[in-house]
Amino acid sequence: MNPPVIELHQVERRFGTLAAVDGVSFRVERGELFGLTGHNGAGKSTLFKMMLGLLEPSAGSVRVLGTPTRGAAFRAVRRRIGYLPEQLALYDNLSGAETLAYFARLKGAKLQQVVPLLDKVGLAHAAQRRVGTYSKGMRQRLGLAQALLGDPQLLFLDEPTNGLDPEAIHAFYQLLSELRAQGVSMILTSHILAEIQQRVDRVAILKAGKLAALGTVQSLREAAALPLGVTLSTSRPLTTDELARLDRHAPLRQAADAGQLQLACPPLAKMALLAEVAALGAAVRDVRLAEPSLEDVILGYAGVTP
Amino acid sequence: MIDLVAIRTVAAKEFRDRLRNRWVLAVSAVFTLFALVIAYFGAAQQGEVGLRGIEVTIASLVSLVIYLIPLIALLLGFDAIVGERERGSLELLLSLPISRAELLLGKYSGLAAALSMATLAGFGLAGVLLATRLPFAALYHYAGFMLSALLLGLAFLSLALLVSVLCGDRTRASGAAIALWFFFVLVFDLLLLGLLVIQGDGPAGSLLPWLMLLNPADLFRALNMFGSDELRAFYGLGSVLPDLMTQPLLLGGLLTGWIVAPLAVALWRFR
């Protein structure tokens, strides 16, 4: 089996008495699209900086592409990773092509990559324009092109779709899936959880510097055993007996009013509840199920862990 | 191990930026203009207009340049690191295979090249325009003035980069740069003068010339004024200066120390 592209072991980072990251361990496997999420101040950025070798851990070890981030050998690794920072700041006075050429030289990447990369992110038409005239979406795409210089094996994307419109977000993930098909591993953070939960293979959830959860979105949902939200539209008020039968499977969240009934259904009781609903026949006009999002999972964890 | 390609890449960008936004052109023009105006009109308060002896011209130029060049160098350099840090581009740069030392040296080299070019072009052009009117020996003095002006600029640029590394944000860095300018250009000599008045005949009085070595601006003044017998006589300084203070090589070496030392501290503190 291939070694993991990222390996964190009991990583800790303190700022004074505050533990920004506290005993975090996980691995990101080769070819994986890994999500890192958590509330603001949960330690995502600090963890990212340590993985990029910008910040030294107070304790524990961080290995990226098999190399410890502390030490001189990591310099060579920097050529094989790409980084798109959250606060992307580029040089307004340079053109798109000049910006990429500058970063290519610093990264030791081929200058011949500049034109194809601009093309790849859809900026070929603006290559000679000053970055100062670019829109937010264009800057972000230029930032991604910069991260792709030197054909990196591993991409660090910090809130990559922040401030992009839905169309641009779609195009962005399109590009990510192409890269993934080429075998590029990626770790990305996002606070828009609904956005990444469809796309990541696994996710790590940080809470107050600690790893609160780690796994596939599906497994986290099951582990959290969050109830499905079930909404029934009824054509007549249900009898007490009928309500009691529904309540046995899924506790009533809200009393029936205006022909609406809301239930919180545990995942495993879903089919049994639906059978009861079917038995009500014409009394039920419509059923809607709402799957818990990853956001709910986090909120769930937030409620459980002190 | 230091990667020269990384340093050159950063330096080339900084230099090109200053060419492109016409910084070099503007500063050169200011230098040429001032040099010519001082050469022609410097003696106006004595009721004459026109070229005078090169020593007096240089003395007037020195008293202007001693204010102007430190200010220009500090304003050029204070933003170099803290600006990238505040904008957020520093993180991206450091994620690339470039060390902090290389980034700092690249920044310094590029800005130093821009400042040197402006100094040499600005005063050089003035020198060329004056050349036909002045004896050859005078041009030798003028070349010495240009070289020392260059060293003065590079020393204050080095201080500016130290400020840029130490300060957490641009506002503080610009404040610190201006404060340094006030201190070295205005306050320092006043303090020395005060010391002299209080302690003129005591041991502190004889210390005074040595204290001047602690200020790059004073070193620059010493280089241009005390090296000339005529000027020493002019200022009545012949008797009070130790011999060491009239050695251009020694003074130039000390001024070079003012280039190296702040940069070395900046390299050490840039973590």
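Which side chain meets that of Asp22(A) in a salt bridge? The partner is Lys210(A), with an N to O distance of 2.9 Å. This structure is a predicted model, and a search of the whole of it finds 23 salt bridges over all chains. The points below describe some of these contacts.

**A link within chain A**
- The salt bridge between Asp22(A) and Lys210(A) connects distant parts of the chain, the two residues being 188 residues apart.
- Asp22(A) lies in strand 2 (residues 18-28) of chain A, and Lys210(A) lies in strand 10 (residues 210-215) of chain A.
- Asp22(A) is partly exposed, because its relative accessibility is 22%.
- Lys210(A) also counts as partly exposed, with a relative accessible area of 46%.

**A link between chains**
- Glu102(B) and Arg75(A) form a salt bridge in which the closest N and O atoms are 2.9 Å apart.
- This pair crosses between chains, joining helix 6 (residues 100-131) of chain B, which holds Glu102(B), to helix 2 (residues 74-78) of chain A, which holds Arg75(A).
- Glu102(B) is buried, since its relative accessibility is 0%.

**A link within one helix**
- Arg221(B) and Asp218(B) form a salt bridge, with 3.6 Å between the closest N and O atoms.
- Both residues belong to helix 10 (residues 216-225) of chain B; they are 3 residues apart and therefore separated by about one helical turn.
- Arg221(B) is partly exposed at 22% relative accessibility, whereas Asp218(B) is buried at 2%.

**A network**
- Asp241(A), Arg245(A), Arg248(A) and Glu276(A) are joined into one network by salt bridges that share partners.

Notes
Residues are numbered from 1 along each chain as its sequence is written. Chains are lettered from A and ligands numbered from 1 in the order in which they are written. This is a predicted model: local features need pLDDT of at least 70, side-chain atom pairs count only at pLDDT 80 or more; totals for chains, interfaces and linings use all residues. Side-chain values use heavy atoms; hydrogens and water are left out. A salt bridge is a side-chain nitrogen of Lys or Arg within 4 Å of a carboxyl oxygen of Asp or Glu. Helices (H or I, at least four residues) and strands (E, at least two) are DSSP runs, numbered from the N terminus. Buried means under 20% relative accessible area, exposed over 50%, partly exposed in between (1.4 Å probe, protein chains only).
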